[in-house]
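Dear colleague,

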Amino acid sequence: MLARRNFLKVSLAAGGGLLLTASIPTFTKAATLGAPGPDAVALGAYLHIAPDGKVTITAKNPEVGQGVKMMLPMLIAEELDADWADVQIEQADLDRRYPGQTAGGSTATPLNWLPMRQVGAAARSMLIAAAAAQWSVPASECDTTPGRVRHIASDRSLSYGALATRAVSMPVPDVKDLPLKDPKTFRIIGQPTRNIEVPRIVTGQPIFGIDVSLPGMLYAVFQKCDVHGGKLVRSNVADIARLPGVRAAFEVKGGRDLRGLLDGVAVVADSWWQANRARQQLQITWDEGDIAGQSSADFAATALRMSQGAPETILRQDGNITTGLSRAAHVVEAAYSYPFLSHTDLEPQNCTAHVQDGHVEIWAPTQNPAPGAVLVAATLGIPDSAIKVHMVRAGGGFGRRLSNDYMVEAAWISKVVGAPVKLLWSREDDMRHDMYRPAGFHFFKGGVDATGRLIAFRDHFVTFSQDGAVASSADLGPTEYPARMVEHLEFATSMMPLRAPTGPMRAPRSNGFGFVFQSFLDELAHAAGIDPVQFAHGILGPPRLLPDPPGPRQGPGFHTGRMRGVIDLVAEKSGWGKQSLPKGTGMGLAYYFSHLGYFAEVIQATVSPQGEITVDKVWVAGDIGSQIINPLNAENQAQGAALDGISQALGQAITIQAGRVVEGNFDSVPPLRMRQAPPVEVHFLVTDHPPTGLGEPALPPALPALANAIFAATGQRIRSLPLRGHNLSTSA
Amino acid sequence: MPYIVDINGAKRSVDVDGETPLLWVLRDTLDLKGTKFGCGAAQCGACTVHLDGHPIRACQTPIASVGAARITTIEAIGESKIGQAVQAAWIELDVPQCGYCQAGQIMSATALLSRVPTPTDHDINTAMSGNVCRCATYTRIRSAIKRAALAGRT
């Protein structure tokens with residue numbers, strides 16, 4: 001009864017010791033919003049303390065380079081009062097006992113900050129109870145030092161290992177009564193902590209999805225129609241089956257879901273290179289359907305035409321935009337846009353599957369294993385319970401691996417050939433069959449009054465629909481900045497039908513909105529002759545919390561004081577307005593709130609007379625609450641996110657032509673390289689708010705900060721990306 | 001046909017088509033998974049290995065072209081003093097995020113330091129710009145190369 005009420009279970013581990021399974025209602029919303037969520041989700045973790053004192057903590061979430069495999073165990077170990085040197089970390093499989101096994105939305109920190117600590121605190125409390133029972137003293141007289149329970153009065157102590165087996169029989173504490181540490185006494189949380197995987201990474205150990213190897217495993221490629229969702233009419237598959245090393249080649253009839261199993265031809269061989277070489281000789285006739293005419297150029301022309309008419313939907317209206325603009329001393333009108341983007345995870349999509357006797361075992365570098373298992377079950381016509389998914393370290397995610405198309409392809413191919421199969425996409429497969437960051441077209445009007453105050457702001461956002469609804473990650477919310485802070489404001493949208501699949505990419509929506517909104521605000525500041533920092537102060541006004549309207553996206557609101565805090569910090573650290581920069585060099589500021597994090601960034605850039613851009617330096621200031629859990633990783637993530645944004649801004653675009661993606665490799669989608677990478681200085685403003693995530697929110701300000709720096713350096717306003725489309729080169 | 005190749009100091013016999021890229025011989029035939037596939041077009045550097053000490057892209061190196069050259073991969077780079085210093089610097093500065101590119105980065109960095117014991121930023125830019133880090137850990141890669149260079153001098 002007690003165990004049920006507390007959602008805690010203990011059992012004796014195999015080989016002795018304490019095994020703690022915890023399933024605690026989520027406190028995410030409590031942590032970030034101050035109130036419990038409407039549907040409490042359960043969270044769980046494993047903790048195993050062996051008689052020799054080794055503490056094994058299971059990391060439940062997929063690791064894609066964000067560092068969650070370290071972060072979650074650090075939270076547990078802190079409240080357990082473990083000695084970090086005794087801690088070993090194991091990666092969980094997909095398992096019903098662990099809710100929230102996903103890597104997306106920078107949610108792992110706010111979702112797990114409290115429950116994971118409670119897991120550790122519960123185990124510590126039971127170890128104390130076990131020691132107190134052994135010594136026949138009240139538990140209240142005992143406390144812990146790292147890895148040991150002690151009784152100060154009698155100067156006795158016992159190691160966690162020695163107590164672990166006895167602790168199993170102790171009553172399970174009520175999580176509500178568990179004392180948690182005073183953050184001032186943290187010894188693990190807040191310490192720069194090296195990633196335990198790095199020794200394996202630098203010695204080339206086989207730890208990634210692509211490295212999975214099974215006895216008797218075959219290698220597969222899968223050729224789909226480059227016009228997304230095209231249907232297979234006929235192929236020369238019989239000829240392919242006779243090529244060297246090829247074990248099987250067959251046609252696959254898929255469905256209509258662009259994120260599921262699609263039509264294609266599978267080639268399975270003794271080695272991946274043989275499979276891929278045989279694929280080069282495939283001749284396939286496709287029915288490309290009625291969307292083969294779609295192109296990026298047409299989308300741009302259509303968007304411009306739509307902007308000249310009335311918008312389809314008014315998302316938000318404050319005051320009267322016409323009145324507001326008529327009262328403004330300075331009015332600016334500008335059209336902004338950004339292109340489609342591909343995620344370009346460096347490890348191409350892959351999955352290993354073994355279908356046998358109605359069961360499927362899967363090894364997948366995925367950010368989102370649970371929907372993958374459901375997809376495989378539905379496609380293969382087997383129950384969910386017949387699927388086992390191992391979450392393997394992924395060589396980057398960035399949102400691409402939230403979809404599981406590669407997983408269902410691998411399972412299908414394994415089922416057909418009756419052997420374990422590793423499916424690996426080529427780089428071209430990966431770039432041409434992505435869930436793209438949607439392009440977007442924004443038609444702005446803004447007005448500033450004679451005192452320099454922003455009084456009118458309008459955006460007509462022309463975006464995309466898919467199957468009648470707004471395309472994934474192509475929607476604008478009613479609280480996009482500067483909404484709630486401008487007297488006369490209108491957000492409106494219109495949609496163009498799109499066939500290419502879209503999806504979330506690191507800081508979805510924000511990665512495009514940051515560029516257009518923050519660039520246009522900079523444009524307004526300059527039109528009014530006001531320093532951008534002062535202009536931001538004017539919009540934000542006094543420190544206060546602006547609550548979100550009710551709805552599915554309701555969050556904790558937007559705090560103007562936190563935004564101002566990071567703007568002021570980055571201005572101070574960068575020497576904003578205090579430096580006399582040479583001709584051709586300028587600084588740009590941008591700030592953005594996303595994924596519960598407040599970030600402001602300044603970029604200094606130089607543009608040569610020949611138009612070559614050098615990004616000289618980046619300053620990042622972020623407010624993600626009261627605790628930087630692992631400062632060593634936090635700095636790395638913030639640097640990487642800012643450089644990711646710069647990489648996109650400098651050179652990246654996906655072009656759709658005749659319904660298919662033109663680009664196929666890194667020669668046409670240039671990633672940032674060492675010679676282009678500036679130093680990035682990262683500062684965190686620690687504030688008295690619950691800790692929030694860091695994978696995403698440092699990215700959005702980087703793109704507009706760079707565009708604004710180019711304006712400061714040259715007077716050239718950048719209203720579309722990438723920069724290499726503006727007679728600006730990037731030494732790429 | 002069978003080829004005898006020198007991989008990490010051992011003669012290995014592999015019976016594959018002569019056009020098979022070294023990358024796939026390493027990964028799928030010899031089960032040395034540390035060398036990574038990223039682009040298949042010498043654009044990303046994830047497959048960097050050493051051929052007689054020089055960094056090459058294994059995805060563009062047919063096995064028939066290797067001959068008697070000595071191939072060194074990430075699995076054995078720690079056997080050299082410089083490689084060991086580079087690995088130690090990578091660990092000390094906690095360079096990786098996802099880690100997928102880092103084997104290639106370490107192979108290029110080790111080759112650089114073998115040639116230029118105290119590289120300038122310009123040397124680092126030149127030697128390392130063929131290796132893409134999608135997570136953009138470039139700041140730390142640069143610092144780690146300098147750290148390893150310092151370790152090599154003492």
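Predicted model: local features only at pLDDT ≥ 70, side-chain atom pairs only at ≥ 80, totals over all residues.

The predictor gives the complex an ipTM of 0.98 together with a pTM of 0.95, and for chain B the average pLDDT is 97, with 99% of the residues scoring at least 70.

In chain A the domain assignment gives domain 1 (2-202), domain 2 (209-289 + 349-424) and domain 3 (296-341 + 436-725). Where domain 1 and domain 2 of chain A meet, the contact takes 12 residues from domain 1 and 17 residues from domain 2. On the side of domain 1 of chain A that touches domain 2 of chain A, the residues divide into 5 nonpolar, 5 polar and 2 charged.

Chain B, for its part, is divided into domain 1 (2-72) and domain 2 (77-153), and the centres of these two domains, taken over C-alpha atoms, are separated by 21 Å. The contact between them draws 14 residues from domain 1 of chain B and 12 residues from domain 2 of chain B. On the side of domain 1 of chain B that touches domain 2 of chain B, the elements giving two or more residues are β3 (48-51) and β4 (54-57) of chain B, and β3(B) gives the most, with 3 residues. By class, that side of domain 1 of chain B holds 5 nonpolar, 8 polar and 1 charged residues.

Between the chains, 45 residues of chain B are in contact with 49 residues of chain A. The elements of chain B that give two or more residues to the side touching chain A are α1 (22-29), α2 (81-92), α3 (102-115), α4 (121-128) and α5 (138-153). The residues on this side of chain B comprise 22 nonpolar, 15 polar and 8 charged.

A three-stranded sheet in chain A

Chain A contains an open sheet of 3 strands in the order β6-β7-β8, with antiparallel pairing. Its edge strands, each of which pairs on one side only, are β6 (142-145) and β8 (156-159) of chain A, and the twist from one strand to the next averages 30 degrees. Strand β7 (residues 148-151) of chain A pairs with β8(A) in the antiparallel sense over 4 bridges, and V149(A) stands opposite L158(A) in β8(A).

Two helices of chain A pack on this sheet. Helix α4 (residues 108-135) of chain A touches β6, β7 and β8 of chain A, its direction making about 125 degrees with that of β6(A), whereas helix α5 (residues 160-167) of chain A touches β7 and β8 of chain A and has a direction at about 75 degrees to that of β8(A). The hairpin of β7(A) and β8(A) has 4 residues between the strands, and in it D155(A) takes a positive phi near 55 degrees.

Backbone details to check

D467(A), although not a glycine, has a positive phi of about 50 degrees, and its place is in the loop between β21 (454-466) and β22 of chain A. H595(A), likewise not a glycine, has a positive phi of about 55 degrees and sits in the loop between β26 (585-594) and β27 (597-607) of chain A.

Which of these residues is buried and which exposed? D467(A) counts as exposed because it has 10 C-beta neighbours inside 10 Å, and 12 or fewer is the cut-off for that class. H595(A) is buried, because 26 other C-beta atoms lie within 10 Å, where the class asks for 20 or more.

There are also cis peptide bonds to look at. One joins Y481(A) and P482(A), with omega about 15 degrees, and P482(A) is placed in the loop between β22 (469-470) and β23 (488-497) of chain A. The peptide bond from L721(A) to P722(A) is cis as well, with omega near 0 degrees, and P722(A) lies in the segment after α18 (702-714) of chain A.

With best wishes

Terms used: Residues numbered from 1 in each chain as written. Chains lettered and ligands numbered in written order. Domains from an automatic or database assignment. Contact = placed C-beta atoms within 7 Å. Nonpolar A, V, L, I, M, F, W, Y, C, P; charged D, E, K, R; others polar. Pairing = 2+ DSSP bridges. Axes fitted to C-alpha atoms, helices over the stretch in contact; angles between N-to-C directions. pLDDT = per-residue confidence, 0-100.
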